[in-house]
Amino acid sequence: MFLKQYIKDVWGAMKSLATGMKRTGYYFTHHKEIITEQYPDNRDTLVLPERFKGEVVMIHDENNEHACTGCTACELACPNATIKIITKFDVDAETGKKKKAIDTFVYHLELCTMCNLCVEACPTGAIKMAQTFEHSVFDRSQLTKTLNKPGSKIREGVE
Amino acid sequence: MFEEVGTTTEGDLIINVGPQHPATHGVLHLVITLNGETIKNVEPHLGYIHRSIEKMCESLTYRQFIYVTSRMDYLSAHINNHACAMCVEKGLQLEIPPRAQVIRVLMDELTRIASHELWWGAMAMDLGAFTPFFHAFRERESINDIMEETCGARLTMNYMVPGGVMHDIHPNFQRRVKDFLQLYKSKIHEYDEMVTGNVIFQNRMKGVGVISAEDVISYGCTGPVARGSGVSSDTRKHYPYEIYDKLEFDEVLETGCDSFARYMVRLREMQQSIRIIEQLIDNIPEGDFQAKTKAVLKLPKGEFYSKAETARGELGVYIVSEGGTTPYRIKFRSPGFSNLSALNHLVKGGKIGDLIAAMGTLDLVIPDIDR
Ligand code: SF4
Ligand code: SF4
């Protein structure tokens, strides 16, 4: 009785091992079905989807103009104080009136959680999410960025 | 008296377990009292990744606090966000457009598959099988790709917002989900071949970590842990939200009460999720994906509660509002905490070798336990 059970157990174990090994054998002979991506080597062909949230950037057109009015809606929407808007007053050349405008858009990439709330909050669509990734740098201070490009100004007609 | 389980006597060995399960690398500290090979007591020590999320949420606005909750149960991020969004919507008495409801349910079920998939791989790895881990990730990867395309992220999506969802689905979404269903159906028998039917696996799971239906209820376990002991606890069935009451799917119940029963519940639950997705993917109604909301949300004075079925069980969200833009108090009832409380019961009196199998079938995600 004992011997019979013993042989039955061994046979059952061999069979279940063979079932599992069949899968291994299958992939060994069908290596087209293996979908491993060779990540650092495939950088050239790697395309991230357009909605991928990699970092916040400000959209500038070819005349180095943007749509940011300095309204600070994005700063208020951000849950972890990633954005700091520093404003200044521009003097209109024709009328001589003072007008509030953006001086510096400070963005702390090291604090950003890519939640997209700032982009949603912006009334003029001045900022968007870029598809960049691999943000590692040697010095933490490099992660604090100014999003408006030097010399850029607000586009005509954006209120 | 000296044989009594749970009291330390001379000659007992007190050991710390881990890293074995992905959770025991240092975020969950298990102190085990052993008599020979027999477990006398298991004491989980928590607090290693406590971030006081509930307290933090009190200083965030209703739009902002939802995204923080993805960081609790990061494998069910969508469903966490969903439960919170529903609670805010209850307070605002918002009507959610039908399109948004369907998209939300689709995302929830994809999340559930991805979460169970990862659990399945990790479970097999706990027991020493490495290949299933990679196979599980292969399928999970296709779900992550779909998420990435529509929500813009792979883990912490922040896609559910009060009133609906943040963006409409990507034009490729339906095609890719259908492709995934095809792929998944061709692969699911591999799981049985590799793991379920394996003799070693069965011997290590059956009769291990037994918990009766009464004990499941008294510990407050929910999700697959409760359903493995035959306790019907599916929030989607009992307190249907969004469009779950119009869908055809079964609540998976097993009566084995052991680790193997909990394993089978999760395996079969994935198939039910597939069934739900199949019913919806070609029937996404046209219309808005977000209801009109004010830029600054203010909940009326009062208390609001909502709950959703995450991959691990019932997640409850309780908001006390004083009428301002931020909640006065928030409390989450997370499934992992109650499930972990049953661990001592599961393994007491058993062998140390069975601890990992029993713990694995609880599907612990530590930030969910220790917010
Ligand atoms: S993505 Fe979120 S965290 Fe990052 S800057 Fe915008 S609002 Fe702040
Ligand atoms: S980026 Fe948009 S929201 Fe932020 S300050 Fe500029 S205009 Fe306002």
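Buried area is the accessible area, taken with a 1.4 Å probe, that two parts lose on being put together, summed over both. With that in hand, the meeting of two chains in this predicted model can be described. Chain A and chain B bury about 2200 Å² between them, and carbon and sulfur atoms account for 51% of that area. In general terms, the size of an interface is often given in just this way, as the accessible area lost when the parts come together.

The side of chain A that touches chain B draws on several helices: α1 (2-29), α2 (73-77) and α3 (117-121) of chain A each supply at least two of its residues. The largest share, eight residues, comes from α1(A). By residue class, this side of chain A divides into twelve nonpolar, seven polar and seven charged residues. Counted by contacts, 26 residues of chain A meet 28 residues of chain B.

What kinds of pairs link chain A and chain B, and how many residue pairs are in polar contact? Between chain A and chain B there are 16 residue pairs in polar contact, with both residues at pLDDT 80 or more. The count of salt bridges between chain A and chain B, in contrast, is zero.

Chain A has three helices and seven strands. Read from the N terminus on, its elements follow the order α-β-β-α-β-β-α-β-β-β. The C-alpha atoms of chain A fill a box of roughly 105 × 30 × 30 Å along the principal axes. The radius of gyration of chain A is 29 Å, whereas a compact globule of 159 residues would have one near 15 Å.

A ligand site comes next. Ligand 2 is surrounded by 13 residues, and the closest are A:C68, A:C71, A:T72, A:C74 and A:C122. The shell around ligand 2 is made up of nine nonpolar residues, four polar residues and no charged ones.

Side chains of opposite charge can pair when their charged atoms come close. Over all chains, the structure holds 32 salt bridges. One pair to look for in the structure above is B:R371 with B:E54, whose side chains meet in a salt bridge at 2.9 Å, N to O.

How values were computed:
Residues numbered from 1 in each chain as written. Chains lettered and ligands numbered in written order. Predicted model: local features only at pLDDT ≥ 70, side-chain atom pairs only at ≥ 80, totals over all residues. Heavy atoms only, no water. Near = heavy atom within 4 Å. Nonpolar A, V, L, I, M, F, W, Y, C, P; charged D, E, K, R; others polar. Contact = heavy atoms within 4.5 Å. Salt bridge = Lys/Arg side-chain N within 4 Å of Asp/Glu carboxyl O. Polar contact = N/O pair within 3.5 Å; in protein donor to acceptor, adjacent residues only side chain to side chain. Helix = DSSP H or I, 4+ residues; strand = E, 2+ residues; numbered from the N terminus. Rg over C-alpha atoms; globule rule 2.2 N^0.38 Å.
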